Amino acid sequence: MLCADTSGSCLSFTLVENIDGDLKELYSQTFPAHGRMNEAFFTCFEKFLAAKDVAAKDIAAKDIDEWICITGPGSFTGIRIGIAALSGITLGLGKKLSGLSSLDAAAVLSRCDISRQGKATVAARLRMNEYAVKSYDFN
């Protein structure tokens, strides 16, 4: 599974192995976009796939079965760039693209850190001192 996050000022890719619902992060890399997400996306994606930790596993884009794009909250333009770029890649590969909110993604990661049970509350800072907050109960 590959998750791409273009909702902030950086561009992040995370490769995750999904074995019967157990998620294990294989490799993650964040790239500064410097306000040029549209220009940086494909170069950074190629660098991510060429990274020694990914290349050592002999993983190419065609080998990735699940593709996820972070859908916010975050930068509207960045999210549109991520969805458009990943839509093109997955359409060309004949794969399915799913969306996931950044709050849900953070909760899933925290669930992995809190022994797969319990409760988590996740917050993301928005503009003008506003926050998006969501609580989860994994019991």
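D58 counts as exposed because its relative accessible area is 66%; exposed means over 50%, buried under 20% and partly exposed in between, for a 1.4 Å probe and protein chains only. This is a predicted model, in which local features need pLDDT of at least 70 and side-chain atom pairs pLDDT 80 or more, while totals for chains, interfaces and linings use all residues. Residues are numbered from 1 along each chain as its sequence is written, and side-chain values use heavy atoms, without hydrogens or water.

D58 belongs to the loop between α2 (52-55) and β4; helices (H or I, at least four residues) and strands (E, at least two) are DSSP runs, numbered from the N terminus. The backbone of D58 has a phi near 55°, which is a positive value in a residue other than glycine. H34 is another residue with this feature: its phi is positive, about 50°, although H34 is not a glycine. H34 sits in the loop between β3 and α1. With a relative accessible area of 66%, H34 is exposed.

The peptide bond that runs from G72 to P73 is cis, and its omega is near 5°. P73 lies in the loop between β4 and α3.

Which residues touch P73 from elsewhere in the chain? S7 is one of them, and S102 is another. The two serines are described in turn below.

S7 is in the loop between β1 and β2. A relative accessibility of 10% is why S7 counts as buried. Leaving out residues up to four places away in sequence, S7 touches I70, P73, G74, S75 and I79, where contact means heavy atoms within 4.5 Å. S7 and G72 are separated by 65 residues in sequence, but their C-alpha atoms are 5.9 Å apart in space.

S102 is part of helix α4, which covers residues 102-113. Is S102 buried or exposed? S102 is buried, because its relative accessible area is 18%. Outside the four places on either side of it in sequence, S102 touches I70, G72 and P73.

## The largest nonpolar core

The largest nonpolar core has 26 residues. Such a core is a set of buried Ala, Val, Leu, Ile, Met, Phe, Trp, Tyr and Cys residues joined through side-chain atoms within 4.5 Å. Within it, L2, F13, F41, F45, F48 and W67 touch the most other members. The elements that give two or more residues to this core are β1 (2-5), β2, β3 (22-32), α1 (37-50), β4 (66-70) and α3 (76-93). Which of these elements gives the most to the core? Helix α1 does, with seven residues. In soluble globular proteins, nonpolar side chains tend to be buried together.

Not counting residues up to four places away in sequence, L2 touches F13, T14, L15, F45, F48, I64, E66, W67 and I68.
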